[in-house]
Amino acid sequence: MDFEPKILGIACNWCTYTGADLAGTTRLKYPQNIRVVRVMCSSRINPSFIFRAFQLGADGVLVGGCHPGDCHYGTGNMYARRRLAITKKMLEFAGIEPGRFRVEWISASEGNRFAEVVGEFTGQVKGLGPQTKLKIKTD
Amino acid sequence: MLRKIEQGRFGELIEALLARGPLYAPVRDDRGVNFQLIRKASEPTLDFYNTLQSPKLAWFPQSEDLIRYRLAKGETKGEAISGPVAPTVVLGMRPWDVKSLAIMDLLFLGGGKEDPYWLEKRRLTTVIGYGLASEEEPDGADFFRTLNIGAADSDGSDVFLLKKDGDLLLEGITERGKGLLGELTFLKEGTEEDERYLVAAKAGGKDRKTRFFDLDANAAADKLKAVFADNTFWEKEAEGCISCGTCTFVCPTCHCFDIADETLFRDGVRRRFWDACMFTDFTLEASGHNPRPRTFQRLRQKICHKYSFYIEKFGVVSCVGCGRCTRLCPVNIDIFSLVARAVNL
Amino acid sequence: MSRIGVFVCHCGLNIAKTVRVSEVVEFAANLPEVVIAEEYRFVCSTPGQELIAGDIKKYNLDRIIVAACSPLMHEKTFRKVAEAAGLNQYLVTIVNIREQCSWVTEDEDVATKKAKALINGAVYRARLLAPLVSRFIDVNPEVVVVGGGIAGIQTALEIAAVGRKVYLVERTPTIGGHMAQFDKTFPTLDCSACILTPKMDAVLQNPNIELLTYCEVAEVKGFVGNFDVKIRQKARYVDHAKCNACLACVEKCPGKGESEFDEGLAKRKAIYIPFPQAVPQKPVIDRETCTYFIKGKCRLCEKICEQKAIDYEQADSYIEIKAGAIVAATGYDLMDVKPLAQYGYGRYPAVYHALEIERLFNSAGPTAGKVVMRDGREPQSIAILHCIGSRDKNNYEYCSRVCCMYSLKFAHLLKEKTHGDVYQLYIDMRAGGKGYEEFYSRLLEEDVKFIRGKAATVTHRTKNPEEEGKLIVEVDDTLTGKFARIPVDMVVLAPAMKPRADAKDMARMLNLSTDKYGFFMEKHPKLAPLSTMTDGVFIAGACQSPKDIPDTVSQATGAAAEALTIVSKAKMELEAATAMVNAAACSGCRNCVTVCPYSAPSMNEEKGVSEINEALCKGCGLCAAACPTSAIITRHFTNEQVMAEMEGLMEF
Amino acid sequence: MSSVITPYLEMSQAIAEAGGEAFKKCYQCGTCSGTCPWTPISEFSIRKLVRLSQLGLEGIEDLMWSCSTCKFCVDRCPRGVEIIDLVTSVRNVYAGGGLLPQTLRTLVGSLSSRGNPWSGDQEKRNDWAQGKYPLYAEGMEYLFFPCCTGCYDQRNVSVSRATAELLTRAGLSWGLAGAEVNCCGESVKKVGDYELFDRLKGNNAGIFSGLKARKIITASPHCHFTFKNEYGGAYEVIHITELLAELIKEGRLTPKKDASGLKVTYHDPCYLGRHGGIYAAPREIIAALPGVELCEMDRIREGSICCGGGGGGLWVERMKGERLSDFRIEEAMETGASVITTACPYCIAMIDDSIRTANAEDRIKLKDVTEILIDYLEE
Amino acid sequence: MTAFKDIEERLKEKAKDLLEKGEVECVFAYGRGYDERHPRPYVAKTKEDAENLVFNEYCTFNLARYAVKEPRKKIAVAAKGADSRALVQLIQEGKLKRENLVILGIPAAGMVDAKSGLTLDEKTTGAFANPVVYDVLLGDKLPEAKNSPYEVLGELEGLSGDGRWEFWRKEFARCLRCFACRKACPMCYCDPCFMDQSRPRWADKSPTLDGNTMYHLTRFYHLAGRCVDCGECTRACPVDIPLYLFHKRLAKDCEEMFNQAAGMKLEDKPVLVDFRVEDGDEILL
């Protein structure tokens with residue numbers, strides 16, 4: 001059978017997680033490789049979470065937050081944007097396909113956007129194949 | 001029992017040893033020479049002064065698995081890991097490094113408790129010592145002569161290796177060593193002349209110049225105890241010390257380890273791995289209290305452990321003067337001059 | 001070892017249709033630390049809730065996991081159930097297997113697999129959850145309103161009306177603000193003073209309002225429900241407690257200053273009240289123009305004052321106020337048009353700005369209501385120039401919203417008072433508002449000349465005898481596409497409304513954010529237009545953006561209601577899932593202090609570690625992620641909890 | 001133009017692609033046309049040009065060549081529309097369509113065949129110098145680039161000589177650009193012929209880097225603008241007035257001769273002022289002349305009125321009364337000044353022409369700042 | 001360029017002067033080690049101590065690392081270019097107070113790492129010749145290096161992702177967990193370090209390759225926008241892991257994305273505890 005990636009989603013409570021719910025209430029269909037962790041704000045995300053996720057065997061990590069300017073806490077996602085930008089560059093320089101990590105601003109009203117992004121991202125990660133570099137070697 | 005082989009045929013010797021089982025020998029890479037588990041006969045080299053890191057890793061690896069377990073529903077099941085250790089050869093150890101094994105034995109075997117992991121490896125490992133040839137100069141940081149170790153001492157080795165012109169002389173020291181040489185039939189007999197050369201070299205080894213002061217172990221032990229409380233002395237000496245673990249990790253006689261469980265999902269292993277008395281959290285207690293919070297206290301501990309406490313406990317200095325800690329210290333702290341200052345205070 | 005109970009909901013067929021519930025339950029039952037796993041058709045129903053409550057007791061569970069719909073739906077419901085059954089509500093974990101699982105796929109295997117993974121994650125996390133208790137704090141019942149313009153006045157009156165104490169802080173000697181300067185108000189043309197002054201008096205009369213004029217906010221500390229506001233009372237050199245407002249001093253005073261209220265078109269005394277209906281009616285001395293303060297002698301006012309109210313030694317003093325909420329109604333400034341040389345303001349005396357002309361219209365103004373220019377002539381032709389500095393990338397990009405309408409008002413009044421020709425030079429006529437469009441068409445009938453084009457230049461360079469002695473307004477009449485030179489006697493500019501010069505300082509004190517111009521930022525442009533990022537601080541009127549009187553008044557009323565929702569409660573609940581600092585792990589890097597938008601963390605300098613004021617903390621976790629040593633623990637979203645959940649999610 | 005219009009969006013697209021997309025921001029307030037010096041005296045309306053471009057309509061192609069890219073409208077535009085980019089791109093589109101007016105064809109022709117707009121022979125470029133001045137060689141500090149106009153136009157040649165003289169007297173290490181250089185290309189770019197501009201730029205840029213030039217002195221604000229903003233070489237670009245003002249400050253040039261109350265006015269060239277932001281330097285030079293009184297005109301500095309020579313205007317024939325320079329000299333004479341100074345070859349050419357056609361030689365003299373400086377340099 | 005000998009003299013002079021006048025409690029500088037090539041960090045507390053100060057091309061240590069441990073004392077610190085940037089960064093982070101510091105600026109080029117024999121320049125680290133902030137300058141200002149300190153990244157950046165991963169995996173595999181890198185780093189002042197923590201355990205306690213990788217990546221991140229390219233981590237490493245390459249790359253990224261270099265201006269805020277609305281989402285691509 002063909003490769004089904006494990007994708008970890010980290011979504012902020014106010015926008016992206018609610019947007020994901022909306023995708024559900026409107027019965028949109030999208031690939032179920034993603035498993036979402038809910039945090040209060042994208043600014044809660046410590047870049048080490050991202051590294052950890054890959055060590056735990058995630059093939060891709062998708063972070064979702066409010067659109068800049070709409071952060072429930074005012075400026076949280078502005079800080080998140082800088083941190084995650086650095087994280088992306090780090091992955092790239094360490095040699096991990098940057099395509100495995102993606103940040104998207106998805107508002108509570110953008111259920112379709114959520115489904116769309118997840119679909120697109122899942123496809124992309126599939127294309128990259130299993131993530132073996134950071135994954136912890138057990139044996 | 002003395003055998004010899006042309007240096008050009010060193011590869012054959014390695015072949016033969018490889019055929020008999022695991023072999024550790026010095027290998028040169030872009031960053032210098034270190035002991036490694038050999039895969040190809042072409043890897044090892046004898047053209048080096050000394051390895052960056054000590055060979056202790058052959059008996060006391062940086063990390064060693066003890067128990068494997070699974071957190072299952074109900075109680076947790078675990079099983080001890082005691083992987084069979086194959087008869088192993090460590091080739092190319094300098095006399096002072098060979099000496100370190102005896103010092104470590106005192107702790108791992110002599111302390112009233114035997115460490116099975118160490119014991120097992122010691123039992124099954126053949127040591128091929130490698131004397132410093134007369135034309136090779138000791139490194140400026142070294143001071144093994146202060147510890148009364150000769151540059152060509154063979155004691156502690158099973159087989160003793162020495163360069164002579166184009167040849168390598170191999171002397172069987174212990175029964176195990178002699179046995180090994182006996183099986184390496186392609187070796188040539190050593191001549192009388194070789195015999196004489198070897199004797200001379202060993203004697204000459206005692207006169208080789210390294211940094212030196214007249215060290216009386218017991219006197220030093222007492223002296224350091226006396227200086228122990230002199231904080232100003234230790235603070236000055238510890239100036240610049242960043243309390244990293246470099247000196248202890250490269251030291252052939254440092255033996256402290258930590259034990260931790262590593263769990264992923266619900267499977268885990270219990271490991272022991274090198275620890276360093278220089279680390280801030282080395283003595284950190286669960287309560288949060290730390291009896292050695294200051295850098296100088298940790299440096300003092302290291303020095304006194306080697307040059308005082310160990311002598312008290314086992315009668316010998318826990319240092320062989322290999323100079324590695326001095327060479328690799330990021331801030332150039334030098335144990336030799338430190339001890340010298342303390343003793344002559 | 002914790003004792004976890006897992007409850008999987010069918011939600012009728014909503015979940016059960018795609019998720020094989022029994023299989024999931026069996027999976028859950030076999031996970032370590034799971035004591036009991038159950039399924040039910042509607043866990044949120046009463047019997048469903050009873051099932052949970054029962055199991056908590058029966059199996060003495062210390063954690064429960066409900067796999068059902070989104071936590072945004074029923075988390076509160078199940079938390080109540082837990083509390084009722086004696087289990088702390090924060091030990092409940094909701095697993096979203098509906099919105100984010102059964103509803104978004106049709107594949108049973110996929111849905112079932114995902115449901116298992118999600119529950120596994122919850123089990124990993126549940127082990128590490130800790131009970132949390134929300135704390136309550138007392139709320140100070142009083143409110144501070146900053147700014148005594150129409151916005152501040154309205155807010156104060158509304159709050160006072162329900163019997164709450166209000167402090168109204170105004171920095172000038174009187175309340176009334178810009179509205180008091182206006183003559184008439186569009187579109188109804190009723191007299192500004194007539195509708196404003198009653199409200200000003202009402203403020204004075206209201207026992208619940210403490211009026212603090214000639215005062216400035218000096219410092220704001222604390223947080224919602226418990227603000228400590230420090231107010232600087234500027235020295236008036238008149239003891240208002242003694243003064244009986246006879247104003248004899250004003251009469252006698254030899255000092256002369258420019259009347260701020262009359263935009264410098266008239267003089268006022270050194271000891272003065274800004275205008276006849278000022279509230280309070282008691283004067284202040286202006287050091288800059290007072291003969292005594294300048295020359296060291298005079299003291300005429302002192303001699304004349306029977307109440308012995310004059311006190312030259314008076315110094316600034318400070319008032320400390322405690323309040324539960326603050327409303328900022330600090331208003332706007334008019335843009336300084338001098339730098340726009342092409343319009344000749346300051347260079348040609350016949351060029352006026354909007355507030356000046358307001359004063360010219362006013363019967364109590366410098367010209368007693370006659371429209372005469374600085375040179376004493378009555379203008380026979382007037383051009384009103386719109387969008388001076390507004391809708392202009394070189395100055396202020398936004399539309400000031402009120403200029404079109406007051407320009408129409410000016411046109412009407414000028415027609416009425418001068419019978420001269422009036423030109424409106426506009427880009428777009430913006431008459432959105434009740435009765436505004438009607439007002440516009442009325443003015444069209446009043447024979448005002450509308451020229452669609454932004455005035456380019458105002459110059460004295462004449463081309464022919466008719467233009468002699470006039471100002472020429474050069475403009476492209478974009479409708480005819482012809483270049484027009486309009487000779488006029490008077491030019492009136494409609495400058496942009498801009499934030500107060502010191503809006504940024506006020507924002508800093510109240511911990512508000514400002515937009516790129518300096519207007520205060522509302523919490524949400526549509527759904528929370530009066531709230532700000534700082535709980536308990538609200539905004540009303542032109543300090544938020546240019547607006548007219550009707551909008552300002554309705555905002556003010558709303559802000560009053562917002563403030564009351566806070567101070568009407570005796571106690572308020574604080575977020576329980578806040579952050580705390582593990583001092584032992586803090587390295588004093590200050591990251592948390594620097595990033596927190598609520599200033600919850602602060603540095604304990606002598607301990608060298610940071611501390612978090614949990615009353616200010618909103619639990620966003622921004623600081624925790626900025627903390628290099630994980631010294632900051634965001635309750636309910638700790639590093640271990642989040643990473644444990646990740647581990648569970650990634651296991652299968 | 002017929003009375004019924006249908007937007008022709010391909011055209012507006014083409015203009016946008018040629019670099020004029022800024023027109024999208026315009027809300028037709030008329031500030032530009034109200035500010036434009038042409039509006040009062042001609043049918044040309046820059047606002048209409050923007051409007052027509054928005055809809056991609058024709059109807060102004062014959063008028064649009066008026067724009068002398070003086071930047072007055074751009075500075076005033078409340079929407080930040082880069083109107084000059086629009087004008088050049090519209091011209092580019094039309095010129096591409098072969099609609100270049102006759103007069104400008106000669107300009108373009110001469111530029112493409114001889115590398116200068118005055119149909120002068122390439123090798124005669126430095127004849128004005130009469131071999132008195134060195135050619136630039138590596139190691140020299142300054143490279144002096146006299147505008148083509150300063151090389152071939154008789155009136156301006158004397159300006160170039162004055163400049164060269166000043167540089168020499170100040171004892172600077174400088175040299176002339178060789179005859180192989182060509183026009184900076186500013187005008188032809190503004191006329192819309194990007195291709196030819198790139199050619200001219202390519203040649204000059206090559207020569208400059210070959211010479212390892214570090215500091216380039218330009219006599220013309222137009223060259224100044226182009227080298228600074230369009231060439232982007234690794235050299236410093238200095239306008240002569242900046243340099244002279246500096247030399248006077250340092251005392252390396254000291255005007256001594258007393259002008260005994262001579263009234264002088266100064267005309268801000270658009271490319272030196274609005275485009276280059278240089279207002280102070282020329283005035284400092286004039287202020288340094290003993291006994292000279294500077295009588296400013298009404299419209300100066302940011303508000304200065306164009307002479308009409310920019311954007312190709314220098315090569316467009318215009319009726320009397322349709323020349324901006326005509327109005328400019330009137331304004332100058334109103335100040336009571338007997339000398340009008342400026343610092344741009346185009347302005348010199350235009351104003352000189354206006355003075356002669358108005359037979360005003362006896363009422364007002366025209367001098368470049370360099371010329372008047374040299375007049376009063378020594379006893 | 002001022003000779004090292006002269007700098008040494010001025011250093012002694014100034015230190016003596018400061019200690020005599022009691023303007024500082026101590027002077028962080030360099031003293032003699034067990035030989036010429038191996039000087040040591042040295043703290044002069046008396047004017048007699050000042051006599052023992054030395055300065056030569058081997059005095060590479062970044063003394064900011066010691067200064068940060070004395071936030072309250074009034075101290076003097078000898079600082080070369082990169083060292084001064086470290087001080088500035090630490091002041092930005094509130095760990096040091098400018099008014100408590102007397103910065104003895106040392107313009108220095110051609111410093112040598114005794115262990116590797118390499119010169120400190122753009123190709124390695126610490127290319128920054130002149131102190132950015134100082135109270136006294138102990139030598140004449142030097143021309144700053146003309147080549148970008150980031151050119152050395154070219155080779156690594158040229159590799160494929162897999163190539164880079166191979167490279168770093170090999171390097172991390174050598175790591176002994178002696179923690180000399182973080183202990184030598186002036187910016188790694190955290191105590192405890194995230195690696196010393198057990199809740200949460202960010203990486204294996206035992207020296208596994210995965211744990212090493214996690215340790216180094218996280219540490220790189222913690223230093224993003226803060227690393228001043230002094231190179232201490234790399235010089236301290238007993239197994240010569242070229243940590244500076246990763247640090248340089250992140251410094252480069254920060255300059256490109258947030259146009260700010262670490263430790264250049266006292267009034268700057270560290271980039272990762274700061275933001276601009278204009279940052280834009282492009283940086284996430």
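Predicted model: local features only at pLDDT ≥ 70, side-chain atom pairs only at ≥ 80, totals over all residues.
**Exercise 1. The largest cavity**

Which element supplies the largest share of the lining of the largest cavity?

*Solution.* 

Step 1. Begin with the space itself. The largest cavity has a volume of about 300 Å³. Its lining is made of 19 residues, and those closest to the centre are Tyr17(A), Val36(A), Arg38(A), Ile94(C) and Glu645(C).

Step 2. Now look for the elements behind those residues. At least two lining residues each come from strand E2 (34–39) of chain A and, in chain C, from helix H3 (71–84), strand E4 (92–96), helix H4 (108–126) and helix H17 (639–651).

Step 3. Pick out the biggest contributor. E4(C) gives five residues, the largest share of this lining.

Step 4. The lining of the largest cavity divides into 10 nonpolar, four polar and five charged residues.

**Exercise 2. The second largest cavity**

Find the second largest cavity and say which residues lie nearest its centre.

*Solution.* 

Step 1. Rolling a probe the size of a water molecule over the atoms shows where empty space is left. In this model the count comes to 18 cavities of 30 Å³ or more.

Step 2. The second largest cavity holds about 160 Å³ of space. It has 17 lining residues, and nearest its centre are Cys247(B), Leu299(B), Lys302(B), Cys329(B) and Ile333(B).

Step 3. Three helices of chain B, H8 (246–250), H9 (295–314) and H10 (324–328), each supply at least two residues of this lining. H9(B) has the largest share, with three residues.

Step 4. Sorted by type, the lining of the second largest cavity has 13 nonpolar residues, three polar and one charged.

**Exercise 3. Two helices within chain C**

Decide how H5(C) and H14(C) are oriented to each other, and list the residues that meet.

*Solution.* 

Step 1. Helix H5 (residues 150–161) and helix H14 (residues 549–567) of chain C pack at an angle of about 40 degrees, and their axes are 8 Å apart.

Step 2. Compare the angle with the cut-offs: under 35 degrees would count as roughly parallel, and 65 to 115 as roughly perpendicular. H5(C) and H14(C) are therefore oblique to each other. Their crossing is right-handed.

Step 3. On the H5(C) side, the contact uses Ile150(C), Ala151(C), Gln154(C), Thr155(C), Glu158(C) and Ile159(C). Across from them in H14(C) are Thr552(C), Val553(C), Ala556(C), Thr557(C), Ala559(C), Ala560(C), Ala563(C) and Leu564(C). The residues of this contact are nine nonpolar, four polar and one charged.

**Exercise 4. Chains and backbone**

*Solution.* 

Step 1. Seven pairs of chains are in contact, and chains A and C share the most contacts. Chains B and D do not touch, with their nearest C-alpha atoms 42 Å apart. Chains D and E do not touch either, and there the nearest C-alpha atoms are 15 Å apart.

Step 2. The bond from Val279(C) to Pro280(C) is cis, with omega near 0 degrees. Pro280(C) sits in the loop between strands E15 (271–272) and E16 (284–285) of chain C.

Step 3. Asp191(E) and Pro192(E) are also joined by a cis peptide bond, with omega about 5 degrees. Pro192(E) lies in the loop between helices H7 (180–184) and H8 (209–223) of chain E.

Notes:
Residues numbered from 1 in each chain as written. Chains lettered and ligands numbered in written order. Heavy atoms only, no water. Axes fitted to C-alpha atoms, helices over the stretch in contact; angles between N-to-C directions. Helix = DSSP H or I, 4+ residues; strand = E, 2+ residues; numbered from the N terminus. Parallel < 35°, antiparallel > 145°, perpendicular 65-115°, else oblique. Left-handed = near helix turned anticlockwise from the far one by under 90°. Contact = heavy atoms within 4.5 Å. Nonpolar A, V, L, I, M, F, W, Y, C, P; charged D, E, K, R; others polar. 1 Å grid on protein atoms, 1.4 Å probe; cavity = no way out; pocket = protein on both sides within 12 Å on 5 of 7 lines; lining within 4 Å. Points joined across faces, edges and corners; volume = space filled by probe spheres on them.
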